[in-house]
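This report describes selected features of one protein model. Please read it alongside the sequence and the structure shown here.

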Amino acid sequence: MPLDFTAIDFETANNHAASACSVGLVKVADGRVVDKTGWLIRPPMGFDHMLEWNTRIHGITAADIVDASLWADQLDALLDFVADDVLVAHNAGFDMGVLRAATEASGLEVPSLRYACSLRVARKTYHLDSYRLPVAAMAAGFEDFAHHDALADAEACAAIMVHAAKRHDVDDVAELARICGTQLGAIGPAAEAEAADRRPAVLG
């Protein structure tokens with residue numbers, strides 16, 4: 001199976017996971033970047049205030065997102081780009097939490113998605129003092145990118161996974177995760193199905 005996945009990164013307007021204000025997406029097919037995109041997001045109502053601290057981190061201001069489309073109006077475009085891919089993110093729990101929370105805050109059903117974490121992969125692939133995205137990306141040969149720009153961060157994440165797969169001589173995201181002592185996660189109906197599979201059978 002070829003190394004296919006979509007790397008994803010979110011930036012948020014404030015401390016709440018539902019406050020996604022930008023997203024970056026990078027599609028990898030057969031171990032190569034074949035497409036990439038990113039856009040600004042107006043977070044769901046009630047989660048759309050921009051904290052100065054967050055602006056200092058990613059540079060996005062309230063004025064930048066005031067005319068952006070709402071999360072509810074953009075989710076389909078995000079899912080169309082991802083298609084059937086496994087998602088990959090650096091510290092994936094954060095980004096999957098954003099996706100889940102923003103969707104729920106918009107009154108929509110959380111999509112069924114599977115994901116891997118490049119942070120966990122990096123920890124089992126490189127010997128580094130830190131596994132923050134810029135440091136792990138440098139180990140993968142991806143340097144001098146605009147950290148906290150969502151698209152640049154997604155590109156860095158993709159580079160880590162591609163490089164790690166070569167280091168471990170695998171061409172499948174699930175196998176790469178397994179070799180690195182982790183496994184694919186899931187959200188939405190996929191997570192519910194996995195939970196059901198893990199439940200012990202009840203004998204009648």
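W53 is exposed (over 50% relative accessible area, with a 1.4 Å probe and protein chains only as cover), because its relative accessible area is 56%. W53 sits in helix α1, residues 52-58. Together with L51 and I57, W53 makes a nonpolar surface patch of about 290 Å². Patch residues have over 30% relative accessible area and no salt bridge, and nonpolar side chains are joined within 5 Å.

The model is predicted: local features need pLDDT of at least 70 and side-chain atom pairs count only at pLDDT 80 or more, while totals for chains, interfaces and linings use all residues. Residues are numbered from 1 along each chain as its sequence is written, and side-chain values use heavy atoms, leaving out hydrogens and water.

Strand β1 (residues 5-12) is largely enclosed by the rest of the structure, because eight of its eight residues are buried, that is, under 20% relative accessible area. F5, A7, D9 and E11 lie on one side of β1, and T6, I8, F10 and T12 on the other. Strands pair if DSSP finds at least two bridges between them. The pairings of β1 are listed below.

| Partner of β1 | Bridges and direction |
|---|---|
| β2 (residues 20-29) | Eight bridges, antiparallel |
| β4 (residues 87-89) | Two bridges, parallel |

T6 stands opposite K27 in β2 and opposite L87 in β4.

Notes: Patches are made of residues with over 30% relative accessible area and no salt bridge: like charges are joined within 9 Å, nonpolar side chains (Val, Leu, Ile, Met, Phe, Trp, Tyr) within 5 Å. Accessible areas come from the Shrake-Rupley method with a 1.4 Å probe; for residues, only the protein chains shown count as cover. A salt bridge is a side-chain nitrogen of Lys or Arg within 4 Å of a carboxyl oxygen of Asp or Glu. Helices (H or I, at least four residues) and strands (E, at least two) are DSSP runs, numbered from the N terminus.
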